[in-house]
Amino acid sequence: MGRFVLRRVAMGAATLGALVLLTFFVIRLAPGGPFSGNRRISPEIIANIERAYHLDEPVVMQFARYVWGLVRLDFGPSTRFRDYDVTDILATGLPYSLIIGFWAMLLATIVGIALGVAGALRRNGFTDYAAGVVGVAGIAVPLFVLAPLMQVFFALRLDWFPVGGWNDGWRSVVLPVVALALPNIAYISRLTRTAMVETLRDNYIRTARAKGIGWGRVVRHHAMTGALLPVIAYLGPATAATITGSILIETIFALPGIGRHFVDAALNRDYPLVMGITVTYGAFLIVFNILTDLIRGWLDPRVRDAG
Amino acid sequence: MPADLPDIVAEAPSDPPESALAQQFRRFRRNRLAMAGVLVLTLIVLACFLGPYAFPFTGADADFDAIGQGIDLFSAHPFGTDDFGRDLLVRVLEGGRVSLTIGFLGALTAGVIGVLYGAIAGYAGGRTDAWMMRAVEVLYGFPYVILVILLSLLLGGGNLALFAAIVFTLWLTPAVIVRAQAQALSRREFVEAARAGGMTGAQIVVTHIVPNTLSVAIVYGSLLVPEVILAESFLSFLGIGIKEPQASWGNLIQIGTSAMTTDLRLLLLPATLLATVLFCLNFIADGLRDAFDPNDR
Amino acid sequence: MRHAFRHLTGGLVLAAGLTLGQTALAQDTVLDRGVGSEWSSLDPHINFDAAAGWIQMDAYEGLITFGPSGQILPGAAERWDVSADGTTYTFHLRDGLVWSNGDPLVAQDYVDGVLRTLDPATGSEKGYYFTSTVQVAGAAGLVDGTTTDPATLGVTAPDDRTVVVQMESPAPHLLDLMGAFAMSPLHGPSFAAHGPSAFIDPALFVGNGAYVITQVVPQSHVRLERNPNYWDAANVAIPSVMYHVTEDVATELLRYRAGEIDVTYDIPLNQIPALTEEMPDQVRVSPATEVVYYSFNLTRAPFQDIRLRRALTLAIDRDTLESRIVRGGSIPSYSYAGGFDPTYDGPVIAEATMTQDERNALAQQLYAEAGYGPDNPLVINIVATVAEISTRRAQGIALMWQQTLGVQATVEPQERKAWLDTFYAGTWDVFSDNLVGDFAGAETFLAYMRPSAEAGYNWVSPGFETAMDAAAVLPDRPSRNAALALAERILLDDYIFAPLAIEPQRRLVNPALRGYEDSPAGYNNSQWMSFQ
């Protein structure tokens, strides 16, 4: 197990390296650059600015400089937010995204699995349909429609929560967490239900029932592990994406997380920030994939990674 | 079939495919909810592809004197007009053509690629699986917006670029999920038996692994269709997407959302259709899963 | 590594604190303003964002300042003299000016500010004000690195209370540039001790404006409090100002309705008619210093025929376009540089006085003369940005060209950087173009149209260059404006673009707020405002 983890961590570092290499060179292929914004500025002034950010050097040199910075956890200065280093931006914004994302994933996992199991156990009954509708409603109504509706209803009309911003303590967190959880609830509940139904039909379940073991125990001890395998696999990338912030939720609820940088940094051609975001997201993704592989291996020993 | 015979007996390649298929088809037909879903979906598809011909104008015909008309079921514009004086119902139907096509094609393509990739990775295990999954991680991590911008550069800003931009990363999560399933399946007895019986890896993947992961794949795929349709509205901010004056459910829903508090009608029509399609797909997916489940007796 | 950890734990503590603590919503002692997307910098010599400029205008004061409706008022300088030839301005600072920490504010601080702006190592785009918008003596040499000697700069401080600005050619609009946005002083000791952090860290901040920065939360807000050492502090009514990042315009509207914001950054386009009906006194749509026009690609064959360019220009029903299709509050315009400066009596295109039907008829005639018709329609693309107002306008114009002339135009929305790149790549037929002026006057727009200033239009016009050169040597506004009008006549007569509209600023303003007025240059200093 320890060797497995070490091996995966080493592979993870290599993957991150490949990601950094690929991203660094490919982002420069997009038209325009960080300072190609204003047509009126003279070329001399633009050249000055680019020199200050080492953008006039050959790309390979820039990459070497970047890697040297990475080793010391220095992601370089942002080209769009001139007052801050990318490290500052990520360090100040990440906690907000993490808080929202963590609670959203927790809520989604608990509710999603509960709905999925309930639906599977009462298959094709009313509970199943109700659970199905509730679950899927999370993506039947697009998030950019649902979130403003929540704001109008719960914030403006009922005044239970603020419309946006992070100035109101835990109240600021409720609507974004629920909104962010909803699409995940849909996927998690559907995956759980399907996998559970499959597992419940499986032969070894029949055998257990034939032996007289009660439904409760069957579900808890036998069916859940099989049912959860695909969900846990899904949770790897889903958690990484959710906790690094959703641009939609953070924009609509005006939260100071890092979610918007996933889109804005690229649109602004803020190369260092794009790289910083990529490294952060990539790291989370790799870690969560390792974790989910471990969990699945623990739940179902047959799954243990042989390679 | 007796309950405890190994599945390989049911799945032996020498079985004529027709009878199994007919059996599955019959099982599907008995599922009333699924059939209702098929019916409603067919009606919607027919309406989108044939409906606009019933009108004397197209969704691109602007009538500046009839801007923003409301619902008047017996007038020339039964569901009113939009900001440019174009008939809303026709635009929603025409939009459905594009959105449903891209939605289904996109989800199907992503699903097929994801299932095959995941099945191969999960079954093969070892170094192959490691490389394949690391490639998946790199593709996940790469900044999506840059990818879209480059695709639009390469392929123009039209429908091909849109399709590529959507499918390019959509297959990743199905691949991850199916790989997990495949890993579990690969250690099962019937697969060992197949291997012992001399089947090649490719045959095993196709005849054993993939069919047993299909239910999860189909259910996940049914959720992907609306995601594809809505992704188009996000991508339009990046310069890729359905070009005006062509309508699509993505851009209609987006326009409807910004007018939500003043004119709900603009949002309600396309959003309701999209939600209906989603629910139909859900029931159909469940029905397919029930019908094609190899374990079901 | 430790640097990052310290920030991460600090961030977590801050986030946890803000989560657990309970802060009350805004009260009448705090002015809450929306600022759009996050400020690019709080460094006054680097920041180029107009919205972030509001923060700058509150925290610093230039030689002049802008009044509530954008009029030029004495700022740090109580009066100024202009030389007879219009090239030298002498500003006399008030007596007893101090920085927010009590240090005396001297003329050299302003000179140091300009030097820092021009220094290539600072990497500031604002040097452009001193080399292009006006030509300050010696500025160009400092910018391109020909010299590093500060003594060569034409901005000097002969004594502690006098700033002299020496230009290479006269420019009456120099005063518009002497506000805090281009001309912020530099507090030497802070900058020497802390570098650029002196501008963004509230604990180190030293300014000379009506307010001081007391809190900076990236991606969220900047908070300012009244500066007791400001020379006019007695007349500053509102004690605190908060600038909130408001990325999503729909959310900003909701926050305004909830009372969380007093002055918004923008208004959602399709809410404007409903809001104007519901709360007409709160909806403030007024002209900004930005012009919108559709440029024709002069390197492509169809557009080399002036008849076609005229036809396309005339076949647009500007009133219907802006009032019924775009509905963003833009003001239809038949000229390029007119409508910003009331003293500028500029020309309009020849057909401006016709009715739209007459224009359409003339357009159809010209279109046919240029060789196009139903069996030979013009097939072109319009490159616009993905912003909603831009795509609506493009769609509307495409529809109009199709209905009136039979032109087949496809709209290609592109994200901003790609859109700019396309301009220079020349892969467009019609370009949805816009220009933001440096001040509310005609010259800032006309100067840009010089082929020597912007080669991207591929326009050859020695006549225009000569006319602009003639205007550039005139020292006073009236004669200069008259000469500029002659130049604009030449520009409009060539129909190299179709003038469309003047873009507006759109704000929702709390009815209890006094002192907020429509200001064309876009400056609304908080110091003039008060709550009723």
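Student: In this predicted model, how many bridges join E8(C) to strand E9 of chain C?

Tutor: The two strands, of which E9(C) covers residues 221-226, run antiparallel. The number of bridges that join E8(C) to E9(C) is 6.

Student: Which strands of chain C are the edge strands of the open sheet that contains E8?

Tutor: The sheet is an open one of 4 strands with mixed pairing, and its order is E1-E10-E9-E8 in chain C. From one strand to the next, the twist averages 20°. An edge strand here pairs on one side only, and this holds for strand E1 (30-34) and strand E8 (211-217) of chain C.

Student: At about what angle to E8(C) does helix H2 of chain C run?

Tutor: Helix H2 of chain C, residues 50-59, lies across E1, E8, E9 and strand E10 (240-244) of chain C. Taken between N-to-C directions, on a scale from 0 to 180 degrees, the angle of H2(C) to E8(C) is about 140°.

Student: Which strand of chain C pairs with E11(C) over 10 bridges?

Tutor: Strand E11 of chain C spans residues 283-296 and is mostly covered, with 10 of its 14 residues buried. E11(C) is joined to strand E15 (residues 430-436) of chain C by 7 bridges in an antiparallel arrangement, where Val292(C) has Asn434(C) as its bridge partner. In the pairing over 10 bridges, which is also antiparallel, Val291(C) has the bridge partner Ile502(C), and the strand in question, residues 497-508 of chain C, is E16.

Student: Which element gives the largest share of the side of chain B that touches chain A?

Tutor: The contact takes 48 residues from chain B and 54 residues from chain A. On the side of chain B, the elements that give two or more residues are helices H5 (126-141), H6 (144-155), H8 (172-186), H10 (201-235), H11 (249-258) and H12 (265-292) of chain B. The residues on that side divide into 28 nonpolar, 10 polar and 10 charged. With 9 residues, the largest share comes from H5(B).

Student: What percentage of the contacts in chain A between residues at least 6 apart in sequence join residues at least 24 apart?

Tutor: Chain A has 12 helices and 0 strands, and its C-alpha atoms fill a box of roughly 85 × 55 × 30 Å along the principal axes. Of the 307 residues in chain A, 55% are buried. Among the contacts between residues at least 6 apart in the sequence of chain A, the share that joins residues at least 24 apart is 71%.

Notes: Residues numbered from 1 in each chain as written. Chains lettered and ligands numbered in written order. Predicted model: local features only at pLDDT ≥ 70, side-chain atom pairs only at ≥ 80, totals over all residues. Contact = placed C-beta atoms within 7 Å. Nonpolar A, V, L, I, M, F, W, Y, C, P; charged D, E, K, R; others polar. Pairing = 2+ DSSP bridges. Buried ≥ 20, exposed ≤ 12 C-beta atoms within 10 Å, placed from the backbone.
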